[in-house]
Amino acid sequence: MAATNADADRDVDVEADIDAEPPAKTHDRLRKCVDLLEGVYGLPKSRGSGPVDLLVQTILSQNTTSANTHRAFENLKRKYPDYQTLLDAPDEEVARQIRCGGLANIKTKRIKEALEKIRARGVREEWEVVVKGAERDEMARKAGKTGMINLDFLKDADPKEARDYLLTLPGVGPKTAAVVLLFAFKMPLLPVDTHVNRLSRRLGFVPEEASIDEAERILEEITPQDKYCSFHVNLIRHGRAVCKARSPSCDECVLRGICPYPDRAGQKG
Ligand code: SF4
């Protein structure tokens with residue numbers, strides 16, 4: 001990928017000491033970063049997946065490529081017409097469907113435990129605290145005798161409470177919770193996966209010493225909310241294609257003009 005805009009972007013001043021950069025400049029660089037990445041990768045398409053599908057996909061994506069995640073998810077959807085059927089199937093059979101994504105036994109266990117917990121919640125009165133009146137009755141009707149394996153009750157919940165609920169599910173960490181809530185319900189949460197974490201530090205948006213939780217908070221603070229999806233998806237694409245973990249291709253990078261990493265790493269401009 002040629003850095004056609006890189007030289008022109010030199011006009012965005014990158015502070016020699018990025019730690020001393022005024023917040024307004026960090027905001028400018030981040031907005032520039034979003035624009036540049038959209039110029040290369042475009043705006044992310046809507047995934048069109050429901051929240052439970054997103055949850056299952058994100059568990060499947062742990063420690064594997066997106067191609068393998070997609071294959072494993074397609075296998076599950078082909079084999080099981082609904083999540084209750086998946087829950088009723090033997091573990092070994094489910095694991096066979098997702099073998100291509102690795103860690104099949106662990107992921108099967110996590111997926112089934114998470115689905116079971118969601119189902120159990122659907123048949124408990126507890127969920128009445130977030131879903132009320134006619135909507136609750138309609139959801140209970142749809143749930144029928146099998147309980148409710150959906151997360152639609154989170155739609156109007158407070159984002160923090162929704163996140164806390166998802167974090168109680170087995171196999172669900174902060175990144176998975178944020179992915180589900182951002183992409184299914186457009187809640188203002190910014191998932192920090194391994195690529196977002198690495199690139200946002202190299203780009204000087206997050207201090208090296210910050211924890212993942214702190215990184216998430218900082219990025220949510222400095223990224224315009226309507227750009228959370230774009231920033232998240234395109235940073236991942238860029239991390240896979242150009243700013244790789246071991247060997248970032250800074251000379252070919254469209255972000256070079258706004259990134260302090262090459263200078264820090266002693267590369268010539
Ligand atoms: S470290 Fe290099 S490859 Fe990564 S964003 Fe900065 S300039 Fe681009």
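User: What makes the meeting of the side chains of Arg-163 and Glu-216 count as a salt bridge?

Analyst: In this predicted model, the N to O distance between the side chains of Arg-163 and Glu-216 is 3.3 Å. A salt bridge asks for a side-chain nitrogen of Lys or Arg within 4 Å of a carboxyl oxygen of Asp or Glu, so a pair at that distance qualifies. The pair links distant parts of the chain, with Arg-163 in helix H8 and Glu-216 in helix H11, 53 residues apart.

User: Why are Arg-163 and Glu-216 placed where they are on the scale of accessibility?

Analyst: Buried means under 20% relative accessible area; Arg-163 has 17% and therefore counts as buried, and Glu-216, at 6%, is buried as well.

User: Which other residues of helix H11 are buried, and what do the buried residues of H11 pack against?

Analyst: Helix H11 covers residues 212-222, and its buried residues are Ala-215, Glu-216, Leu-219, Glu-220 and Ile-222. These buried residues pack against helices H1 (23-41), H8 (159-167), H9 (174-185), H10 (194-202) and H12 (228-241).

User: How do you know that Arg-201 has no salt bridge, and what is its nearest side chain of opposite charge?

Analyst: Arg-201, which is found in helix H10, is buried, and its nearest side chain of opposite charge is Glu-208, 5.0 Å away. Leaving out residues up to four places away in sequence, Arg-201 touches Val-206, Pro-207, Glu-208, Glu-209, Ala-210, Ser-211, Ile-212 and Ala-215.

User: Where does Glu-209 lie, and is Glu-209 buried or exposed?

Analyst: Glu-209 lies in the loop between H10 and H11. Exposed means over 50% relative accessible area, and Glu-209 has 69%, so it is exposed. Apart from neighbours within four places in sequence, Glu-209 is in contact with Arg-201 and Glu-214.

User: What kind of patch do Glu-208, Glu-209, Asp-213 and Glu-214 gather in?

Analyst: Glu-208, Glu-209, Asp-213 and Glu-214 gather in a patch of negative charge on the surface. Glu-214, whose place is in helix H11, has 35% relative accessibility, which lies between the 20% and 50% cut-offs and therefore counts as partly exposed. A patch takes residues with over 30% relative accessible area, so Glu-214 passes that cut-off at 35%.

User: How many salt bridges does the structure hold, and what makes Arg-119 and Glu-116 one of them?

Analyst: The structure holds eleven salt bridges. Between Arg-119 and Glu-116 the closest N and O atoms are 3.2 Å apart, which is within the 4 Å cut-off, so the pair qualifies. Both residues lie in helix H6 (residues 104-122), three residues apart, about one turn of the helix.

User: What makes the meeting of Lys-155 and Asp-156 a salt bridge, and why is Asp-156 called exposed?

Analyst: The side chains of Lys-155 and Asp-156 have an N to O distance of 3.7 Å, which is within 4 Å, so they form a salt bridge. Asp-156 has a relative accessible area of 59%, which is over 50%, and therefore it is exposed. Lys-155, at 43%, falls in between the cut-offs and so counts as partly exposed.

User: What is the phi of Asn-63, and what is the phi of Lys-186?

Analyst: Phi of Asn-63 is near 60°, a positive value in a residue other than glycine, and phi of Lys-186 is near 55°, again positive in a residue other than glycine. Most residues other than glycine have a negative phi. Asn-63 is found in the loop between helix H2 (51-60) and helix H3 (66-79), while Lys-186 is found in the loop between H9 and H10. Asn-63 has a relative accessible area of 71%, over 50%, so it is exposed; Lys-186, with 72%, is therefore exposed too.

User: How many helices and strands are there in the protein, and how many of its residues count as buried?

Analyst: The protein has 13 helices and zero strands, and 47% of its 269 residues count as buried. Among contacts between residues at least 6 apart in sequence, 65% join residues at least 24 apart.

Terms used. Residues are numbered from 1 along each chain as its sequence is written. This is a predicted model: local features need pLDDT of at least 70, side-chain atom pairs count only at pLDDT 80 or more; totals for chains, interfaces and linings use all residues. Side-chain values use heavy atoms; hydrogens and water are left out. Buried means under 20% relative accessible area, exposed over 50%, partly exposed in between (1.4 Å probe, protein chains only). Helices (H or I, at least four residues) and strands (E, at least two) are DSSP runs, numbered from the N terminus. Contact means heavy atoms within 4.5 Å. Patches are made of residues with over 30% relative accessible area and no salt bridge: like charges are joined within 9 Å, nonpolar side chains (Val, Leu, Ile, Met, Phe, Trp, Tyr) within 5 Å. Accessible areas come from the Shrake-Rupley method with a 1.4 Å probe; for residues, only the protein chains shown count as cover. Lys and Arg count as positive and Asp and Glu as negative; His and the chain ends are not counted. The place of a charge is taken as NZ of Lys, CZ of Arg, CG of Asp or CD of Glu.
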